[in-house]
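Here is a short briefing on how two parts of one chain meet. Take a look at the model first, then read on.

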Amino acid sequence: MTAPLKHSDPVKVDVALEDRAYDIVIGRGVLSSLGERIAALRPGVRTAVVTDRTVAKYWLEPAEASLAAAGIPTSRIVVEEGEISKTYAGLEKVSEALIAARIERNDLVIALGGGVVGDLAGFAAAILRRGVDFVQVPTSLLAQVDSSVGGKTGINSPQGKNLLGAFHQPVLVVADTAVLDTLSPRQFRAGYAEVAKYGVLGDEAFFSWLEKNHSDIFKGGSAREHAIATSCRAKAGVVSRDERETGERALLNLGHTFGHALEAATGFSDRLFHGEGVAIGMTLAAQFSAKLGMIGELEAARVERHLIEAGLPTRLQDIAGFAQEGLADADALMALMAQDKKVKRGKLTFILLEAVGRAVIAKDVEPAPVRDFLEDKLAQKA
C-alpha cells in the first residue's frame with residue numbers, strides 16, 4: 001500500500017514492460033500537463049482526441065488547450081456516450097475519422113473518456129495503419145483504476161462482451177482525479193467496484209482500509225488518490241508479470257464471468273453499468289466459493305456487506321427489469337457465460353476466493369453446479 005497522498009502531489013506508477021514501459025500519472029489537476037508530457041515524450045507529434053459527448057462538454061477544451069499550449073496540433077472525434085459506441089459501427093466511425101484526420105504511424109491517438117472510449121479508441125489505434133500509439137486520459141473512476149491500464153482494447157459483439165479486440169499498450173496514462181468530480185454518484189459507485197476488487201482478490205489489508213475509508217473516497221478527500229494509486233500499482237504489477245493473460249492476470253477478472261453475462265443479458269444498456277455487473281459478479285463469486293467450501297459464509301458476507309455499504313447492487317434482483325426474459329433464466333445466463341473469452345473446450349473458468357485477499361483461478365468448472373447455483377439465486381425474492 002502507498003502512503004496517503006496530498007492533493008498537491010501527483011504520483012507516477014510505472015508499468016514495467018521493458019521497451020514498452022509507460023507511466024501512469026495520478027493527481028488532481030494533471031490534465032493541464034497533458035500537452036507538456038506528450039511533447040516531451042514525442043516531439044513533433046500530431047494527435048487526435050477521441051471522446052464522447054458528455055466528457056466533451058467538460059474536458060475536451062481543457063485537453064485541447066493543454067495540447068495547443070505545447071504546440072501540438074490536434075483534431076477531435078466525438079462519439080455517443082455508453083456501450084452503444086463500442087460496436088462495429090462505432091469502430092468504423094472512429095477509424096474512418098482517424099484516417100480522414102491523417103493520423104500517421106508516428107502520431108498519437110488520445111482516448112479522453114471512460115472505459116468505453118478507452119477500449120474503442122485503443123482498438124482503433126491498434127488497427128489503424130497496423131498500429132498507431134495512443135495515450136489514455138481516463139475520466140471515470142473505473143477507467144482510472146482498471147481499463148486504462150494494461151493494454152486491453154476492443155468492442156462488443158451482440159453475442160458477448162469484448163469478444164473483438166487487441167492487446168495494445170498505451171504510451172502514457174494521465175489520470176486527473178479532479179475530473180471525477182463531474183461523475184454522477186451512480187457512475188462513481190460503479191467505478192468503486194473495481195477498486196474494491198483489488199482488495200478482495202489480492203490485498204486484505206487494502207480491503208480493510210477501504211472498509212474504514214470508502215466514505216472519504218466518495219467525498220473526494222486524499223483517500224481518493226490513495227485508492228487510485230494503490231489500485232494502479234496492483235494492476236501494473238500483474239500486467240508487468242503477465243501482459244497477455246496467460247496466467248496471473250486472469251485474477252483481475254474476479255466477478256467478470258458473471259458480470260459480463262449480466263451485461264449482455266441487459267443489452268449492454270444503462271440498466272446495468274459495467275462496475276455494477278462486477279459488483280454483483282464479485283458477490284456471486286464469493287458466494288459460489290462458499291458453496292464449494294473454499295471460504296466461509298462469513299467471509300462471503302463480508303464482501304457483499306462492503307459493496308452494499310458503498311451503494312452497489314449485489315443481487316440479481318437488484319438489476320432494473322430483473323424479471324425480463326434472458327435475465328431471470330439460468331439457461332440463458334449459462335449460454336452467455338459460454339461465450340466468455342476464458343471458456344476452453346466448453347469448460348468454464350472462474351476466479352474464486354480462498355479468503356478475502358486471496359483469489360485463485362478455477363479452471364474446468366463443470367457447468368451443472370454453476371447452473372444450480374444460479375437457479376438458487378434467481379429463486380430469491382426481490
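This is a predicted model: local features need pLDDT of at least 70, side-chain atom pairs count only at pLDDT 80 or more; totals for chains, interfaces and linings use all residues.

Residues are numbered from 1 along each chain as its sequence is written, and side-chain values use heavy atoms, with hydrogens and water left out.

**Domains and contact**
- The chain is assigned domain 1 (11-182) and domain 2 (185-379), with bounds from an automatic or database domain assignment.
- Their centres, taken over C-alpha atoms, are 25 Å apart.
- Domain 1 brings 35 residues to the contact and domain 2 brings 33, where contact means heavy atoms within 4.5 Å.

**Buried area**
- About 3,000 Å² is buried between domain 1 and domain 2, with 61% of it on carbon and sulfur atoms; this is the accessible area (1.4 Å probe) that two parts lose on being put together, summed over both.

**Salt bridges**
- The rule finds 6 salt bridges across the interface, each a side-chain nitrogen of Lys or Arg within 4 Å of a carboxyl oxygen of Asp or Glu.
- K152 forms a salt bridge with E245, and their closest N and O atoms lie 2.4 Å apart.

**The side of domain 1 that touches domain 2**
- Elements giving two or more residues here are β1 (11-15), β2 (22-27), α5 (141-147), β7 (152-157) and β8 (160-167); helices (H or I, at least four residues) and strands (E, at least two) are DSSP runs, numbered from the N terminus.
- The most comes from α5, with 6 residues.
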